[in-house]
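Open the model in your viewer and keep the sequence panel beside it. The stops below go from selection to selection.

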Amino acid sequence: MNILYFLVGCSVVMALLFLAAFFWAYKSGQHDDVHTPGIRVLFDDEPDGEKDDGNHFSN
């Protein structure tokens, strides 16, 4: 029975730590822009050496 008290206490402490981490992330601006990261996944990355200048038919 003593182990149940220990486990409940540990779970409450962990829940409070996760809650504190959430509020810290919220106050530091982690959740300010939730739209852009989802859209950014859809665009391809440009290779480092090649920049798109808009001229695809160069001779």
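Helices (H or I, at least four residues) and strands (E, at least two) are DSSP runs, numbered from the N terminus. This is a predicted model, in which local features need pLDDT of at least 70, side-chain atom pairs count only at pLDDT 80 or more, and totals for chains, interfaces and linings use all residues. Residues are numbered from 1 along each chain as its sequence is written, and side-chain values use heavy atoms, with hydrogens and water left out.

Start with the whole protein chain. It has two helices and zero strands. Of its 59 residues, 2% count as buried (under 20% relative accessible area; exposed is over 50%, partly exposed in between; 1.4 Å probe, protein chains only).

Next, select residues 2-27, helix α1. The helix has 26 residues. From first C-alpha to last, α1 reaches 38 Å, close to the 38 Å expected (1.5 Å times one less than its number of residues). Step just past α1 to Gly29: its phi is positive, about 95 degrees.

Go back into α1 and pick Phe22 and Tyr26. They sit four residues apart, about one turn of the helix. Which aromatic pairs are there? A search of the whole structure finds two. In one, the ring centres of Phe22 and Tyr26 are 6.4 Å apart and the planes are at 25 degrees, so this pair is stacked. Rings of Phe, Tyr and Trp (its six-membered ring) pair if their centres lie within 6.5 Å; planes under 30 degrees apart count as stacked, over 60 as edge-to-face and the rest as tilted.

Buried or exposed: which is Tyr26? Tyr26 is exposed, at 55% relative accessible area. Phe22 is partly exposed, at 43%.

Last, select Leu16, also in α1. Leu16 is exposed, with a relative accessible area of 54%.
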